[in-house]
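Here's a quick briefing to read with the model open on your screen.

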Amino acid sequence: MRQLDSEMNETPSSYTLAELLICAASEAWRGNGELLGSGIGTIPRIALGVAKLTHSPALLMTDGEAYLVEEPVPLGPRGDWKPRFAGMMTYMRVFDCVWSGKRHALVGPTQIDRWGQANISCLGDFHKPKVQMLGSRGFPGNSINHINSMFVPAHSTRVFVENEVDVVGSVGYNPARWQPGMNNKDVDLRLIITDLCVMDFSGPDHAIVVRSLHPGVSFEQVQAATGFALLPASDIGTTAAPTHEQMALIRRIDPHNLRAGVLKNNPPGVPA
Amino acid sequence: MNKQIGLDTVASQLHDGMTVGIGGWGPRRKPMAVVREILKSPVKDLTVVAYGGPEIGMLCAAGKVRKLVYGFVTMDLIPLEPYFRKAREAGGLEICELDEGLLHWGLRAAGMRVPFLPTRVGLGSDILTYNPGFKTIQSPYADGEVLLAMPALPLDLALLHVDTADRLGNTHIHGPDPFFDDLFARAAKKTIVSCEEIHDRLDIARPDDAKANLFERNLVSHVVHAPLGAHPTSCAPRYGWDLVHLKKYAASAVEPHGWAHYSEQYLGGDEGRYQDAVGGAQHIGALPMPIF
């Protein structure tokens with residue numbers, strides 16, 4: 001039995017970068033107890049399912065619409081499989097969870113700055129945008145109330161901008177944004193998972209630190225794709241490869257392989 | 001008491017410069033039949049408050065909007081609403097962009113008839129920068145915390161689409177998420193509800209569905225029978241959104257005279273003509289719910 005377990009947890013010989021990112025992103029929710037997990041987008045959603053089915057079974061999660069489920073709902077057409085609902089999570093209740101701090105969302109901003117501030121509203125001048133996007137959505141409320149992590153499928157200086165993001169939706173650790181008496185103690189940014197590396201905010205004054213590099217990626221490469229200075233973690237390592245168990249769960253949660261369409265050309269996890 | 005009015009008289013309830021709240025959420029349960037009546041009407045200079053979907057793009061394209069108050073505008077699977085995008089990128093619209101939760105907070109304040117409600121949401125963000133009229137307030141208690149005083153968002157008129165209504169103004173919503181329709185109704189001086197099904201009295205016709213009634217009939221001024229009236233948005237659990245139509249609509253935004261062509265093709269006649277133009281009532285009623 002012991003031998004079987006170790007076989008199950010060995011690293012598969014091949015996996016895609018998307019699968020590596022899913023496993024790295026699933027770590028975001030480790031130790032979160034019964035928080036409502038939200039994974040916005042294909043890879044974050046699969047990652048949440050992997051977290052729930054491995055290290056964090058207590059997490060609350062939804063079907064992506066309005067119901068709470070105890071088993072992750074697979075992505076895409078489901079045949080005869082029907083989700084079983086444990087309860088409701090209407091948007092009104094999402095707001096209640098958000099405002100009480102009982103949530104950890106993994107979101108995909110268009111721009112992120114050195115302070116962890118993030119933008120999905122618009123690019124350019126707010127009064128006459130170059131590109132109008134979604135609006136601020138729940139970013140201001142999420143970021144001031146509960147834990148947030150971020151997913152970036154194409155790490156570049158267009159995402160990790162040199163100065164402040166064009167519109168600060170998600171708040172962060174920029175002292176200039178906070179006036180005396182404002183309570184920002186619940187601003188809690190955790191992981192940034194990109195196609196190059198995993199970062200966190202563990203540097204001095206929450207500076208962004210590269211924790212691990214994906215196979216074949218150098219720190220210099222990450223720095224060159226980032227508009228501000230990064231710190232390497234003193235114990236910087238290589239992002240952990242998926243285990244057989246994680247790979248099996250990924251296939252179960254994403255039976256139509258929608259993850260293959262997220263990253264350009266669906267590259268392998270370990271470059272050839 | 002009979003609050004039913006004809007769809008063709010809805011536009012006469014609007015006047016220039018009004019503040020109109022629209023229920024639903026993105027491409028979900030929008031009162032589109034009523035919106036189409038507004039598109040065809042001469043009304044203009046509206047302030048529109050919504051969790052925005054295609055109704056916002058259409059109202060912008062038709063030149064009905066002076067000011068937009070929103071947390072987002074999106075059609076989900078088509079993330080960027082094309083005509084909203086065009087209107088924003090052209091500049092000139094007055095904008096009040098909010099966090100989603102702040103929008104519900106402003107509607108709540110209006111419904112409770114207080115000038116503002118306090119919250120941390122918005123602090124530290126550009127919500128304060130781009131809404132220079134928003135003020136902070138210090139807690140009068142020992143904590144002394146500085147909070148955003150989210151101003152009330154009172155509406156002249158709320159437009160909602162529900163599953164079932166009666167002529168007294170009672171309504172039932174059967175979709176799994178009621179969104180914030182109740183708050184729109186509470187924030188508004190008048191509410192017009194369009195519905196899939198209409199009855200004389202829901203207590204007699206649908207006595208077992210009372211839990212689907214989410215706001216009181218004394219908030220409802222008029223009821224309009226508009227079956228399939230949420231198309232091209234969804235009306236769960238009855239029908240899903242029409243992605244094919246939404247894609248056509250989105251594609252029109254990048255064509256020369258795209259909006260004029262869209263209006264010509266779909267908005268020239270009454271709701272029956274519209275339904276025929278988009279594939280027929282049977283087609284709409286059979287649109288599957290989206291799977292995520």
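In chain B, 76% of the contacts between residues at least 6 apart in sequence join residues at least 24 apart, a contact being two residues whose C-beta atoms, placed from the backbone, lie within 7 Å. This is a predicted model, where local features need pLDDT of at least 70, side-chain atom pairs count only at pLDDT 80 or more, and totals for chains, interfaces and linings use all residues. Residues are numbered from 1 along each chain as its sequence is written, with chains lettered from A and ligands numbered from 1 in the order in which they are written.

**Chain B overall**

- Chain B has 11 helices and 12 strands (DSSP runs numbered from the N terminus: H or I of at least four residues for helices, E of at least two for strands).
- Its radius of gyration is 19 Å, close to the 19 Å the globule rule gives for 292 residues, so chain B is as compact as a globular protein of that length (C-alpha atoms are used, and the rule is 2.2 Å times the number of residues to the power 0.38).
- Along the principal axes, the C-alpha atoms of chain B fill a box of roughly 60 × 50 × 40 Å.
- Of the 292 residues in chain B, 53% count as buried, with 20 or more other C-beta atoms within 10 Å of their own, C-beta atoms being placed from the backbone.

**Where chain B touches chain A**

- On this interface, 40 residues of chain B are in contact with 42 residues of chain A.
- Strand 4 (65-73), helix 3 (82-90), helix 4 (100-111) and helix 5 (126-130) of chain B each give two or more residues to that side.
- The chain B side splits into 20 nonpolar, 10 polar and 10 charged residues (Ala, Val, Leu, Ile, Met, Phe, Trp, Tyr, Cys and Pro are nonpolar, Asp, Glu, Lys and Arg charged, and the others, Gly among them, polar).

**Helix packing in chain A**

- Helix 2 (residues 17-26) of chain A packs on helix 3 of chain A at about 55°, with axes 8 Å apart (axes are lines fitted to C-alpha atoms over the stretch in contact, and angles run from 0 to 180 degrees between N-to-C directions).
- The contact of helix 2 with helix 3 of chain A has 11 nonpolar, 1 polar and no charged residues.
- Helix 3 (residues 42-53) of chain A also packs with helix 7 (residues 244-253) of chain A, at about 125° with axes 10 Å apart.
- There, A:I46, A:G49, A:V50 and A:L53 of helix 3 meet A:Q246, A:L249, A:I250 and A:I253 of helix 7 in chain A.

Technical notes
A residue is buried if 20 or more other C-beta atoms lie within 10 Å of its own, exposed if 12 or fewer, and partly exposed in between; C-beta atoms are placed from the backbone.
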